[in-house]
Amino acid sequence: MTGPRHVDADSDWRPVLSRSVVLRHDRVRKTDLLVLPERVVVLQGSAGSVLRLCDGANDVGAIVATLAAQHPGAPVADEVPFFLGRLRAEGWLK
């Protein structure tokens, strides 16, 4: 991965998928997908479960807290805000 490690993901930001982005589960591949105009992104690992929490009601702090409770010991406090910030920079989250 190139570029800066720090991407804006304020803890009070309430992320939600952009209007043109749809989160789908592909039963054949058994994976989550982001369906964008003219593009499909195959999500890896727990990315789909993170994005399911991006409903505009949960702020980043609540998303991190929920995931930390579900995955004790996982580095969600560092990784989730960075992941969300990257998706925001792509325009997939608002």
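The buried residues of helix α3 pack against β2, α1 (47–52) and α2 (60–70). The structure is a predicted model, in which local features need pLDDT of at least 70, side-chain atom pairs count only at pLDDT 80 or more, and totals for chains, interfaces and linings use all residues. Residues are numbered from 1 along each chain as its sequence is written, and side-chain values use heavy atoms, with hydrogens and water left out.

**Exercise 1. Describe helix α3 and state which of its residues are buried.**

Step 1. Helices (H or I, at least four residues) and strands (E, at least two) are DSSP runs, numbered from the N terminus. Helix α3 covers residues 76–90 and has 15 residues.

Step 2. The expected span of a helix is 1.5 Å times one less than its number of residues. From its first C-alpha to its last, α3 reaches 21 Å, close to the 21 Å expected.

Step 3. Buried means under 20% relative accessible area, exposed over 50%, and partly exposed in between (1.4 Å probe, protein chains only). In α3 the buried residues are V76, V80, P81, F82, L84, G85 and L87.

Step 4. An α-helix has 3.6 residues a turn, so residues three or four places apart point the same way.

Step 5. Just after α3, G91 takes a positive phi of about 90°.

**Exercise 2. Determine the surroundings of D26 and of L33.**

Step 1. D26 is placed in strand β1 (residues 22–26). It counts as buried because its relative accessibility is 17%.

Step 2. A polar atom of the D26 side chain lies 2.9 Å from the backbone nitrogen of V28. A polar contact is a pair of N or O atoms within 3.5 Å; within protein, one must be able to donate a hydrogen and the other to accept it, and residues adjacent in sequence count only if both atoms are side-chain atoms.

Step 3. Contact means heavy atoms within 4.5 Å. Not counting residues up to four places away in sequence, D26 touches T31 and L33.

Step 4. L33 belongs to strand β2 (residues 31–36), and it is buried because its relative accessible area is 9%. With residues up to four places away in sequence again left out, L33 touches V22, L23, R24, D26, V40, V41, V42 and L43.

Step 5. Between L33 and G56 there are 23 residues of separation in sequence and 19 Å in space, C-alpha to C-alpha.

**Exercise 3. Characterise the second largest pocket by volume and lining.**

Step 1. On a 1 Å grid over the protein atoms alone, a pocket is an open set of points where a 1.4 Å probe fits, with protein on both sides within 12 Å along at least five of seven lines; lining residues have an atom within 4 Å of a point. Grid points are joined across faces, edges and corners, and a volume is the space filled by probe spheres set on the points. The second largest pocket has a volume of about 180 Å³.

Step 2. Its lining consists of L34, R39, V41, L43, F83, R86, L87, E90 and W92. Helix α3 gives the most to this lining, with four residues.
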